[in-house]
Amino acid sequence: MKLDPFYLIVDSAEWIERLVPLGVKLVQLRIKDRPEPVLREEIRRAKAACAAAGCQLIINDYWRLAIDEGCDFIHLGQEDLMAADLAAIRRVGLKLGLSTHDPSELETALAAAPDYVALGPVWPTILKEMKWAPQGVERLADWRRRVGPMSLVAIGGITAERAPLVLENGAESAAVVTDITRNPDPEARTRQWLAATAPWRSVG
Ligand SMILES: Cc1ncc(COP(=O)(O)OP(=O)(O)O)c(N)n1
Ligand SMILES: Cc1nc(C(=O)O)sc1CCOP(=O)(O)O
Ligand SMILES: [Mg+2]
């Protein structure tokens, strides 16, 4: 499995409907603190928009809803992983991405045999408070050596200008939230991301 080099993360189906048709091929729906019926509706809309655009949808956190709604890829953090039923996730064939922030988390993640591991925050992020200092691109190169051929996602403080740096240092994909969603022109910024990551994109 090869990930697109541009991994967009958004908090609503509306963002997905707006930005995915521009050519985004990998998107995560990361919604916090909404009631289940709202989550279900968001997942359904996101799934429809991604299917129409040939985009891989990844559901953050809500692995049971992802199974119920027929999604095929989830992302879990380390705490999410502890609470999850990995056997049930595997039984239905869900692909799995896992967060890592230090070597012990990487060991835990690798033991779960995920489809990718993410390392963050590469740079400081304004999206949420993090207990880890920025890792830097050197840490990313170290992760690449440790994970071997497994897909590796970089996250945290990545901008369109910084994306090539992470892709040159071992990441297969660069994940982004605020550089796009808090940009005054998210569509134009998405196009800049698509252009910046184009040299790493496989055709077909
Ligand atoms: C691609 C990617 N990497 C890391 C995260 C963070 O996941 P987690 O640690 O569970 O934190 P929340 O995003 O759930 O707040 C992610 N979502 N995606
Ligand atoms: C959701 C998330 N997880 C991270 C991790 O390191 O696990 S960093 C992060 C925030 C990414 O947002 P932005 O692109 O705006 O910095
Ligand atoms: Mg989580």
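# An exposed helix end

Burial is defined by counting other C-beta atoms, placed from the backbone, within 10 Å of a residue's own: 20 or more make it buried, 12 or fewer exposed, and a count in between partly exposed. Ala83 belongs to helix α4 (residues 78-83). Helices (H or I, at least four residues) and strands (E, at least two) are DSSP runs, numbered from the N terminus. Ala83 and Ala48 are 35 residues apart along the chain, and their C-alpha atoms are separated by 28 Å.

# Basis of the model

This is a predicted model, in which local features need pLDDT of at least 70 and side-chain atom pairs count only at pLDDT 80 or more, while totals for chains, interfaces and linings use all residues. Residues are numbered from 1 along each chain as its sequence is written, and chains are lettered from A and ligands numbered from 1 in the order in which they are written.

# The barrel

A barrel is closed by 8 strands in the order β1-β2-β3-β4-β5-β6-β7-β8, with parallel pairing. From one strand to the next, the twist averages 25°. Two strands pair if DSSP finds at least two bridges between them. Strands β2 and β3 are parallel and share 4 bridges; Leu26 has Gln56 in β3 as its bridge partner. Of the 5 residues of β3, 4 are buried.

Strand β6 (residues 116-119) is likewise joined to β7 (residues 151-154) by 4 bridges, and the two run parallel. Opposite Leu119 stands Ala154 in β7.

# Helix α2

Helix α2 (residues 36-53) has 18 residues and spans 26 Å from its first C-alpha to its last, close to the 26 Å expected at 1.5 Å a residue. The expected span is 1.5 Å times one less than the number of residues. Glu42, Ile43, Ala46, Lys47, Ala49 and Cys50 are buried in α2. These buried residues pack against α1 (13-19), β2 (26-29), β3 (56-60) and α3 (63-68).

# The loop between α6 and β6

Asp115 is placed in the loop between α6 and β6. Asp115 is partly exposed, since 17 other C-beta atoms lie within 10 Å. Beyond its neighbours within four places in sequence, Asp115 is in contact with Met1, Lys95, Leu96, Gly97 and Ser151; contact requires C-beta atoms, placed from the backbone, to lie within 7 Å. The C-alpha atoms of Asp115 and Lys95 are 6.1 Å apart, although 20 residues separate the two in sequence.

Ala113 lies in the loop between α6 and β6. Ala113 is exposed, because 11 other C-beta atoms lie within 10 Å.

# Backbone exceptions

Most residues other than glycine have a negative phi, and most peptide bonds are trans. Ala113 has a positive phi of about 50°, and Asp61 has a phi near 75°. Asp61 is found in the loop between β3 and α3 and is buried, because 20 other C-beta atoms lie within 10 Å. The peptide bond from Gly120 to Pro121 is cis, with omega near -15°.

# Ligand surroundings

Around ligand 1 there are 15 residues, of which Gly77, Ser99, Ala118, Ile155 and Ala175 come nearest. Ligand 2 is surrounded by 16 residues, the closest being Gly120, Thr125, Gly156, Val177 and Thr178. A residue is near a molecule if its C-beta atom, placed from the backbone, lies within 6 Å of it.

Definitions and conventions: Contact = placed C-beta atoms within 7 Å. Axes fitted to C-alpha atoms, helices over the stretch in contact; angles between N-to-C directions.
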